Amino acid sequence: MTGAGELSAIFEQFGGRCPVCGAALGEAVPIDRATGRFDSPPCFLLEIGPSDGAAGHAWRASVVGANFPPARSTIPRFVESEVEYVYVLCGDGHIFPQSAPAFHRRGAERDVRRRVDRWNMVAAVGALASGKTYLLIRMLNQELSNTQNNFPRHNGGRVERHQLNPLEQIPLDLRSAEYNRTVSEQRPMQPTSAEETRPAFLLTTRVPEAVDAIRTLIRRTVLDGDRRADRWGRGFRQPLVVRTTSSKRVTWTGIADLPGELFSSDPGSASERAMLRAFDALIWVIDPAVAAGALDKMARDPINDDADYASVLDGSLRPGTTAVEDTRQVRADRQRDQFEIGRSLTLIDNDYIAAHGRPLEMLIAVTKCDLIRAGLRKGGLDTLGRPGLVRRGVAAYLASITRRWRAGDLVPDEHTHNLLTYLYPGAAVQLDVVERRVNQVADGLLEHYSQEEAFWGLVHDGQRDIVEIPGGGDMALPGRRIEVLSIGEHQDQSTEPGSAERMLIRDLIMSAIGCGVAYGLGHDAALFNLMQQETQRIRFFLCSPLGTVPVGRAEGKPGYAQVYRLEPMNADDTFPYMGDQSAALTQLLLASLRKARA
């Protein structure tokens, strides 16, 4: 049984409300005086013991904050002294580890409760099959520290990860297994299922009888208990979890990997989309493969002799999709959803963003950039989309950052400060001079990163780079070049005190080019309006989770069920393992964990 003391202890650890769905988590649920029942489902304590083979795990489930008799397993028999893990479940079933007592010496002074100092909620939004899961799995497996630096600074700002408890680990394991199948068997990742990411499903994989018991407790103790019991654990999805420590503070980061269907125009999804309004960061995943008008003229011709453009599109859209649906219709439908997300993000009181009293991190990830790289063998980045659109996007981002710096809303690192000081040397400078300098730098960046090697160095390899900026007289950037630090140097910067609030040079250059690419893909109107909003901090990331152009292949006799494979376009290439470093994905992870680094 648990009472007020246990509720108070949970409140001290986690706060009062679930950061995912807002249900009770350590907060007392009001009691209806007429019936003596809870107004809404309370939180539960779930204790899990060792597995007994086919019989599964021993368990006990208790209502927190009330003296209702707990439910417990009989086969295997629950033994309190054998408890291995203790979890707190919010009023809608989201899973939070409280302790792992079996792995600590009894009587030790160490507090084994999973204290949380900061919550950090992130969601990935994007159209169907935009590659969100591939991107998130690769991003979450990036290294936070610069492993090439044998003499790191020990300033207390290093971000260290915690080992996740088994129930926390399940969502990540499910997706990791799918990714590993792509690497080892060349099987495409299956669509993210709504049900397999719900808390009830995840709990059922370990302790199915406990889920039934908790629902029985809800029927007995909560108003409208039958309806609430049926819905328990089937609300907002359990996020992927990263628990970190930095400067002796523990941050719980939940990253919601949401299915693409959630972002269609289906009004039934509106309430779930509205949950995102309380989040700290959004990752908007933009898929270039669906932008027929922009991508085709850039990337169609460079595809090699062994892979026709149709198989490349099939690999990037999801293998097998174009065998049952018209390719043009598939791309048009998904591009429409992408445009709708972008349009919604710019509207006041939209489904995704609310006024928080603090800036929202808007992280825009252009994924599948291996297709953009392939196109660079034919022409520069400015061949993407309508003429001049990419250049306008690069300049627009530089102008927005300059404007924010002038207003005192941005803290630059040394390299960024040098560039911004050139773009805007002082209040006396004429606006037309600032504009000419912004365009000059945009032209230099665009010319440099239209070279395949330089583009791939920014996106993937992460080496230090020098960008020459032509010009003379009052249009001469000091040194006439921009130094872009390597991804290792960027990681070192990111552990320095205050780095979470700074604009670092690699992020700035990545964002400027990324904004140009996103403009070229047709999102210019939405992005221009987003950059005018003071409530959002916008950064762009050019990502390639698979590291090479994939193609879709069908196996089996015509007329029979087909099995689809996802394989590299070039036979000499391989798909990367989850932990292989990618510069943009590392930057995206560090940006997603900004709150954990603060």
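Of the 598 residues of the protein chain, 58% count as buried. The model is a predicted one. Its secondary structure comprises 20 helices and 18 strands. The accessible surface of the chain amounts to about 24,800 Å², and carbon and sulfur atoms account for 49% of that area. Among contacts between residues at least 6 apart in sequence, 71% join residues at least 24 apart.

Two packed helices are described by the angle between their axes and the distance between the axes. For helix α2, residues 132-140, and helix α3, residues 166-185, the axes come within 10 Å and cross at roughly 105°. Because angles of 65 to 115 degrees count as roughly perpendicular, α2 is roughly perpendicular to α3. On the α2 side, the contact is made by T133, Y134, I137, R138 and L140; on the α3 side, L172, R175, S176, Y179 and T182 take part. By residue class, this contact divides into 5 nonpolar, 3 polar and 2 charged residues.

Helix α3 is kinked by about 35°, with the kink centred on L172, a residue that also belongs to the contact with α2. The buried residues of α3 are L167, E168, Q169, I170, P171, L172, R175, S176, Y179, T182 and V183. Among them are L172, R175, S176, Y179 and T182, which form the α3 side of the contact with α2. An α-helix has 3.6 residues a turn, so residues three or four places apart point the same way. After α3 comes Q186, which has a positive phi near 60°.

Definitions and conventions
Residues are numbered from 1 along each chain as its sequence is written. This is a predicted model: local features need pLDDT of at least 70, side-chain atom pairs count only at pLDDT 80 or more; totals for chains, interfaces and linings use all residues. Side-chain values use heavy atoms; hydrogens and water are left out. Axes are lines fitted to C-alpha atoms, for helices over the stretch in contact, and angles run from 0 to 180 degrees between N-to-C directions. Helices (H or I, at least four residues) and strands (E, at least two) are DSSP runs, numbered from the N terminus. Angles under 35 degrees count as roughly parallel, over 145 as roughly antiparallel, 65 to 115 as roughly perpendicular and the rest as oblique. Contact means heavy atoms within 4.5 Å. Ala, Val, Leu, Ile, Met, Phe, Trp, Tyr, Cys and Pro count as nonpolar, Asp, Glu, Lys and Arg as charged, and the others, Gly among them, as polar. Buried means under 20% relative accessible area, exposed over 50%, partly exposed in between (1.4 Å probe, protein chains only). Accessible areas come from the Shrake-Rupley method with a 1.4 Å probe; for residues, only the protein chains shown count as cover. The bend at a residue is the angle between axes fitted to the seven residues ending there and the seven starting there.
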